[in-house]
Amino acid sequence: MTPLKQRIITRIQAEGPMSVAAYMAACLFDPTHGFYPTRDPLGAEGDFITAPEISQMFGEMIGLWCVQSWMDMGQPQTINLIELGPGRGVMMNDILRAARIAPKFIKAARVTLIEASAALQAVQGQTLANSPCPVTWADGLEKSPRGAALIIGNEFLDCLPIRQFVRKNGAWHERLINIDPDDETGLIFGLSELPYAHDDVAHFPQSEDGALCELCPALAQITDHVKLRVGESAVRALFIDYGPAQTQIGDTLQAIKRHTKVDPLSEPGEADLTARVDFGHLFELAAAAKLHVAHAVTQAHFLTAMGIEMRALNLSKAKPEAAPKIARQLARLTDSDQMGTLFKAIAFQNYGLPPIVGLEP
Ligand code: SAH
């Protein structure tokens, strides 16, 4: 049994069954045994790989998006470049390299990284040691510097804790995690006795008994924060992640350890836990916060609109021996049977700014 599993069992004995969100938060961020605080999980040697780790072209396209967005804001003298969940800092490094085409942007940029894992903060510091602009860390969006901002996150939203609800006798009941009555070292899923009677699940689709739907409460915190900032200055936010364009029915909680799916309840703290991002709900939340929001587009659409094919061509011309590898990376990022379609990009901003580059015509 992992040390964290023992702690979770003790906690359930003391406090009763645990929500899926509380379980996810413990597994991912428990300071001594959680998945992120205790390791660098990224890359071929680690547990999973992400788009910026696949190819430099990904971060470079986000870099061009940042420069164009800053221009759309009228080139403010200071632009906060705020990244949520920066992993190893690879994407920010690629963003800043691509942004060198606009020296005035580099001069204006102040990077703020929001990272829950001390281990990854240290790696980010190393990756960005030669950054052309200042880099600092903040504990959460609400602590990040005010003023004009570009807020970005890749594969950040998918690790925000989700709550799950199951339809029973025509009402939603929260899915809870309990100790297995037949095995005191095991964890099992159960349901709350009382139905859940709050409006934050009003957007769930019409469902039959037995259906499961998911809610990520932190999405509303993000749109609320952006709503607060747009009253003061220009803000554009971009999130890329995997998930459907509309709220869907189904259990999407998944655990990945060393690039393999495992049972989410079997080894808490040893596997990455994620869930699909509900882009439909995020759109509704941003619209309800009175932000201008672009409908989610596929990652392939976004990267192609930003010019990734031309970038691949130029990189291949500069280094012909790398051309087959670059072609494979491009396919991984944009083909529909790879990351191209399942992954989506969504963006929102103040009303009155020009259309959002890469997402809107
Ligand atoms: N964006 C990177 C890393 C993705 S992994 C990439 O694409 O490669 C998820 C990242 O989000 C990790 O850095 C993780 O530590 C961080 N993270 C997850 N939840 C967080 C939270 N609530 N606050 C801050 N960082 C978080």
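Biologist: Leaving aside neighbours within four places in sequence, which residues is Leu157 in contact with?
Modeller: This is a predicted model, and the contacts are computed from its atoms. Leu157 belongs to the largest nonpolar core of the chain. Leaving aside neighbours within four places in sequence, the residues in contact with Leu157 are Leu219, Ile222, Phe239, Asp241, Val277 and Leu282.

Biologist: Which members of the largest nonpolar core touch the most other members?
Modeller: In soluble globular proteins, nonpolar side chains tend to be buried together. The largest nonpolar core here has 55 residues. Those touching the most other members are Tyr23, Ile151, Leu157, Phe239 and Phe348.

Biologist: How many residues are in the other core, which includes Leu96 and Leu150?
Modeller: This core lies apart from the largest one. Ala234 and Leu333 are also among its members. Its number of residues is 53.

Biologist: What radius of gyration does the chain have, and what would a compact globule have?
Modeller: The C-alpha trace spans about 65 × 45 × 35 Å along its principal axes. A compact globule with 361 residues would have a radius of gyration near 21 Å. The chain agrees with that, because its own value is 21 Å.

Biologist: How many helices and strands are there in the chain, and what share of its residues is buried?
Modeller: The chain contains 12 helices and 15 strands. Of its 361 residues, the buried share is 55%.

Biologist: How far apart are the centres of the positive and negative side chains?
Modeller: The chain exposes about 15,900 Å², and carbon and sulfur atoms supply 53% of that area. It has 31 positive and 41 negative side chains. The centres of these two sets are separated by 9 Å.

Biologist: What distance separates the C-alpha atoms of Thr127 and Asn93?
Modeller: Thr127 is in helix H7, residues 118–127. Not counting residues up to four places away in sequence, Thr127 touches Arg88, Gly89, Val90 and Asn93. Thr127 and Asn93 are 34 residues apart along the chain, and their C-alpha atoms are separated by 7.1 Å.

Biologist: What is the relative accessibility of Ser316, and why does it count as buried?
Modeller: Ser316 is found in helix H11, residues 308–318. Leaving out residues up to four places away in sequence, it touches Ala323 and Ile326. Buried means under 20%, and Ser316 counts as buried because its relative accessibility is 18%.

Biologist: Where does Gly307 lie, and how far is its C-alpha atom from that of Gly358?
Modeller: Gly307 lies in the loop between helix H10 and H11. At 25% relative accessibility it counts as partly exposed. Gly307 and Gly358 are 51 residues apart along the chain, and their C-alpha atoms are separated by 9.2 Å.

Biologist: What is the phi of Gln75?
Modeller: Gln75 is in the loop between helix H4 and strand S2. Its relative accessible area is 33%, so it is partly exposed. Gln75 is not a glycine, although its phi is positive, at about 55°.

Biologist: And what is the phi of His259?
Modeller: The loop between strand S11 and strand S12 holds His259. This residue is partly exposed, with a relative accessible area of 40%. His259 is not a glycine, and its positive phi is about 65°.

Biologist: Which residues is Val262 in contact with, leaving aside neighbours within four places in sequence?
Modeller: Val262 is in strand S12 and counts as partly exposed at 26% relative accessibility. Its C-alpha atom is separated from that of Asn169 by 31 Å. The residues in contact with Val262 beyond four places in sequence are Ala255, Lys257 and Ala271.

Key
Residues numbered from 1 in each chain as written. Predicted model: local features only at pLDDT ≥ 70, side-chain atom pairs only at ≥ 80, totals over all residues. Heavy atoms only, no water. Helix = DSSP H or I, 4+ residues; strand = E, 2+ residues; numbered from the N terminus. Rg over C-alpha atoms; globule rule 2.2 N^0.38 Å. Buried < 20%, exposed > 50% of the residue type's maximum accessible area, 1.4 Å probe, protein only. Areas by Shrake-Rupley, 256 points an atom, 1.4 Å probe, with all protein chains shown as cover. Lys, Arg positive; Asp, Glu negative; His and termini not counted. Charge placed at Lys NZ, Arg CZ, Asp CG, Glu CD. Core = buried A, V, L, I, M, F, W, Y, C linked by side-chain atoms within 4.5 Å. Contact = heavy atoms within 4.5 Å.
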